[in-house]
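Please keep the sequence and the three-dimensional view at hand while going through the numbered points.

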2 protein chains.
Amino acid sequence: MKRGKFYGIGVGPGDPELITLKAVKILQKVDVVIAPISKKESIAQKIAQPHINGEILNLKFPMVKDSNVLESFWDKNAERIKELLLEGKDVAFITIGDPMIYSTYIYILERLRGFDMETIPGIPSFCAAAAKLNIPIATGSESFVVVPTAEPEVIEDILGNFDNVVLMKVSKDFDLISKKLDEGGFSAGFVSRCCQDNEKISYNLQELKEDKIDYLSLIIGKKVKK
Amino acid sequence: MKRGKFYGIGVGPGDPELITLKAVKILQKVDVVIAPISKKESIAQKIAQPHINGEILNLKFPMVKDSNVLESFWDKNAERIKELLLEGKDVAFITIGDPMIYSTYIYILERLRGFDMETIPGIPSFCAAAAKLNIPIATGSESFVVVPTAEPEVIEDILGNFDNVVLMKVSKDFDLISKKLDEGGFSAGFVSRCCQDNEKISYNLQELKEDKIDYLSLIIGKKVKK
């Protein structure tokens with residue numbers, strides 16, 4: 001039997017309108033859409049839902065740190081997808097943001113090498129955050145760095161070497177990160193829960209100090225030019 | 001009279017289907033769409049065209065290095081857009097890729113502060129390239145760096161400090177950049193003219209050495225894990 005095709009689809013940062021025409025077209029035509037879930041509802045599924053005509057299969061990807069546990073889930077879920085592809089079904093794995101940047105899809109992709117596959121890019125969260133803030137990420141010949149889990153020791157070095165930084169998951173050491181940005185001569189824009197109902201934006205990290213910072217928060221920092 | 005609203009719209013990397021639903025919706029409703037042109041036809045315009053109901057205005061942004069010349073064009077073009085907004089017209093400025101990453105839109109945005117404005121993110125070229133290559137940009141807690149004009153001296157330092165790099169506009173020093181990646185222990189994927197008719201992809205920089213490398217070429221480099 002002819003094997004099915006595997007698609008990885010980025011559905012964008014969370015706004016249902018920030019999905020591409022191509023993602024919609026593929027969601028409409030595949031036999032099975034895989035929506036990964038951890039504990040909570042799948043945001044990717046909520047965005048994709050109106051476009052899905054086939055079956056939806058929720059596969060569990062727990063949010064744990066133990067790499068053995070993680071790998072066993074990646075293996076098991078990849079096996080389940082292989083079965084579907086071998087049955088001749090076209091399968092799409094959906095992911096929030098872009099599939100090639102910090103997504104669970106990457107671990108599945110690596111396990112399905114050899115199958116016919118196509119990845120459909122999506123809008124990364126940091127592009128959506130920059131757009132919301134109207135703060136450019138980088139211009140001209142300036143490089144930029146994206147740091148997925150901002151730790152104060154790591155970013156100190158980065159702030160010394162780059163003028164444009166995207167710091168993700170800043171909740172844990174928020175006060176210290178703010179301080180480093182300030183000392184380094186950076187202006188900063190802050191977005192949490194970008195494109196979702198409880199989105200929050202700020203241009204002044206000082207005013208956030210008393211707040212509980214959400215886990216899904218990022219900062220776009222720019223060295224102030226003298 | 002009520003002022004018009006200004007939109008900056010990313011139309012994605014070049015594939016007409018990699019535009020978002022939101023971009024399409026806004027293109028359909030605005031009075032004027034600004035399509036920047038240099039010498040050649042506007043790729044952004046080609047992508048947006050089927051969705052535009054209003055007027056299309058081509059504004060010239062020359063590809064020159066003289067910053068005085070550039071700034072005079074940015075000023076003049078921003079003034080023209082201001083006139084339209086003051087006439088009450090809603091105006092959308094289209095740009096290839098994402099508007100907040102290395103786009104001409106950024107210079108216009110800075111000149112229109114104070115007007116009602118909204119930026120609509122688009123798929124950056126490097127996300128589309130990673131998807132084409134099926135090479136992840138970054139996973140887990142690894143940072144990544146985007147270098148817009150890869151110069152051998154600059155990237156040597158970056159390759160020593162990061163495991164994931166996106167090197168854009170690699171045509172000028174292609175052989176030297178390949179060599180540095182190789183010496184640094186990086187595997188590399190290459191895409192030129194991503195999502196366009198004459199797109200080219202390669203997983204082996206050596207095989208490209210005899211070729212003329214297109215100006216719109218990028219490399220996704222990943223440190224090989226031992």
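This is a predicted model: local features need pLDDT of at least 70, side-chain atom pairs count only at pLDDT 80 or more; totals for chains, interfaces and linings use all residues.

1. A residue is called buried when its relative accessible area is under 20%, exposed when this value is over 50%, and partly exposed in between. By this rule A:Asp15 is buried, because its relative accessible area is 13%.

2. The overall form of chain A may be considered next. Chain A contains seven helices and 10 strands. Its C-alpha trace spans about 65 × 35 × 35 Å along the principal axes. For 226 residues, a compact globule would have a radius of gyration near 17 Å, and the 19 Å of chain A agrees with this. Of these 226 residues, 55% count as buried.

3. How many salt bridges does a search of the whole structure find over all chains? The search finds 32. As a general principle, side chains of opposite charge can pair when their charged atoms come close. The following points examine some of these pairs.

4. One salt bridge joins the side chains of A:Asp15 and B:Lys22, with an N to O distance of 2.5 Å. This pair crosses between chains: A:Asp15 is in the loop between strand S1 (6–10) and helix H1 (21–29) of chain A, whereas B:Lys22 is in helix H1 (residues 21–29) of chain B. A:Asp15 is buried, as stated in point 1. B:Lys22 is buried too, because its relative accessible area is 15%.

5. Within chain B, B:Glu79 forms a salt bridge with B:Lys82, and their closest N and O atoms are 3.5 Å apart. Why are these residues separated by about one helical turn? The reason is that B:Glu79 and B:Lys82 are three residues apart in helix H3 (residues 67–86) of chain B. B:Glu79 is partly exposed, with a relative accessible area of 44%. B:Lys82 also counts as partly exposed, at 23% relative accessibility.

6. Another pair in chain B consists of B:Arg193 and B:Asp214, whose closest N and O atoms are 3.0 Å apart in a salt bridge. B:Arg193 lies in the loop between strand S8 (186–192) and strand S9 (200–202), and B:Asp214 in the loop between S9 and strand S10 (217–223), so this pair ties together parts that are 21 residues apart in sequence. B:Arg193 is buried, with a relative accessible area of 17%, while B:Asp214 is partly exposed at 25%.

7. Salt bridges may also share partners. In chain A, such bridges join A:Glu71, A:Asp75 and A:Arg111 into one network.

8. Which residues form the positive surface patch? They are A:Lys39, A:Lys40, A:Lys60 and A:Lys76. A:Lys60 has its place in strand S3 (residues 55–60) of chain A, and A:Lys60 is partly exposed because its relative accessible area is 46%.

9. The other patch is nonpolar: A:Met63, A:Tyr215 and A:Leu216 make a surface patch of about 340 Å². A:Leu216 is found in the loop between strand S9 (200–202) and strand S10 (217–223) of chain A. With a relative accessible area of 36%, A:Leu216 is partly exposed.

Technical notes. Residues are numbered from 1 along each chain as its sequence is written. Chains are lettered from A and ligands numbered from 1 in the order in which they are written. Side-chain values use heavy atoms; hydrogens and water are left out. Patches are made of residues with over 30% relative accessible area and no salt bridge: like charges are joined within 9 Å, nonpolar side chains (Val, Leu, Ile, Met, Phe, Trp, Tyr) within 5 Å. Accessible areas come from the Shrake-Rupley method with a 1.4 Å probe; for residues, only the protein chains shown count as cover. A salt bridge is a side-chain nitrogen of Lys or Arg within 4 Å of a carboxyl oxygen of Asp or Glu. Lys and Arg count as positive and Asp and Glu as negative; His and the chain ends are not counted. The place of a charge is taken as NZ of Lys, CZ of Arg, CG of Asp or CD of Glu. Helices (H or I, at least four residues) and strands (E, at least two) are DSSP runs, numbered from the N terminus. Buried means under 20% relative accessible area, exposed over 50%, partly exposed in between (1.4 Å probe, protein chains only). The radius of gyration is taken over C-alpha atoms; the globule rule is 2.2 Å times the number of residues to the power 0.38.
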